[in-house]
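Here is a short report on one protein chain. Look at the sequence and the structure first, then read on.

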Amino acid sequence: MTAIQAFEELLRAKQIPLVKSTENSNETSYSGSFQASPDNEILFDIVFKEATKQTDVTITYHQLIACSNEDNRLQLVALINQLNQEKTSYYRLVLTNEGEVSLLFEGRTGEEIVPLYEILLVGSSLLSDLMRELKFGLV
């Protein structure tokens, strides 16, 4: 069984509705969203590099906040570095060239997919605290 097959079995068993995409011949991605707060929906995706027993996987929570002000970007980079050292666990916060902050996990998974699912849950639970600190840090 491949890691992707194991992941799809887990999604069915837990009734998690994610959208599957196979745009690249080697990569398979699953996209979804959840409500981090009443006014904030977070988009995320999980990308498997290959349909093999062991494969690299990336989990990304997109567009946590946006920063278009250059003066605030330096402050935001310092805050991201601090949060990455103190709070992000298996994840890391990244600032894109467009000024958007995302939360990213990169690792390897296999047929035993439960640890990946648990890492996904950790990321979801980290988000509300991280977003509050990121927004507060830019005020």
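A residue counts as buried when its relative accessible area is under 20%, as exposed when the area is over 50%, and as partly exposed in between (1.4 Å probe, protein chains only). By that rule Y61 is buried, because its relative accessible area is 0%.

The model is predicted: local features need pLDDT of at least 70, side-chain atom pairs count only at pLDDT 80 or more, and totals for chains, interfaces and linings use all residues. Residues are numbered from 1 along each chain as its sequence is written, and side-chain values use heavy atoms, leaving out hydrogens and water.

**The sheet**

Helices (H or I, at least four residues) and strands (E, at least two) are DSSP runs, numbered from the N terminus. Two strands pair if DSSP finds at least two bridges between them. Strands of a sheet pair through backbone hydrogen bonds, either parallel or antiparallel.

Here 6 strands form an open sheet with antiparallel pairing, in the order β1-β2-β3-β4-β6-β5. Which strands stand at the edges? They are β1 (19–21) and β5 (92–95). Each has a single partner strand, so one side of each is left without a neighbour in the sheet. From one strand to the next, the twist averages 25°. Angles run from 0 to 180 degrees between N-to-C directions, and axes are lines fitted to C-alpha atoms, for helices over the stretch in contact.

Strand β5 pairs with β6 (residues 100–109) in the antiparallel sense, over 4 bridges. L93 has L103 in β6 as its bridge partner.

**Helices on the sheet**

Contact means heavy atoms within 4.5 Å.

| Helix | Strands touched | Angle |
|---|---|---|
| α1 (residues 3–14) | β1, β2 (28–37), β3 (40–48), β4 (55–66), β6 | about 35° with β2 |
| α2 (residues 70–86) | β4, β5, β6 | about 165° with β5 |

Helix α2 holds R73. Is R73 buried or exposed? R73 counts as buried, at 17% relative accessibility. Leaving aside neighbours within four places in sequence, R73 is in contact with C67, L95, T96, N97, E98 and G99.

**Aromatic pairs**

Rings of Phe, Tyr and Trp (its six-membered ring) pair if their centres lie within 6.5 Å; planes under 30 degrees apart count as stacked, over 60 as edge-to-face and the rest as tilted. The whole structure has 8 aromatic pairs.

In one of them, the ring centres of Y61 and Y91 are 5.9 Å apart and the planes stand at 55°, so the pair is tilted. Y61 lies in strand β4 and Y91 in the loop between α2 and β5, so the pair ties together parts 30 residues apart in sequence. Y91 counts as buried, at 3% relative accessibility.

Y91 also pairs with F105: their centres are 5.8 Å apart and their planes at 55°, so this pair is tilted. F105 sits in strand β6, 14 residues from Y91. F105 is buried, with a relative accessible area of 8%. One aromatic cluster is formed by F34, F44, Y61, Y91 and F105.

**The core**

A nonpolar core is a set of buried Ala, Val, Leu, Ile, Met, Phe, Trp, Tyr and Cys residues joined through side-chain atoms within 4.5 Å. Which residues touch the most other members of the largest nonpolar core? Among its 37 residues, they are F48 and Y61. Helix α3 (114–137) is one of the elements that each supply at least two residues. It gives the most, with 9 residues.
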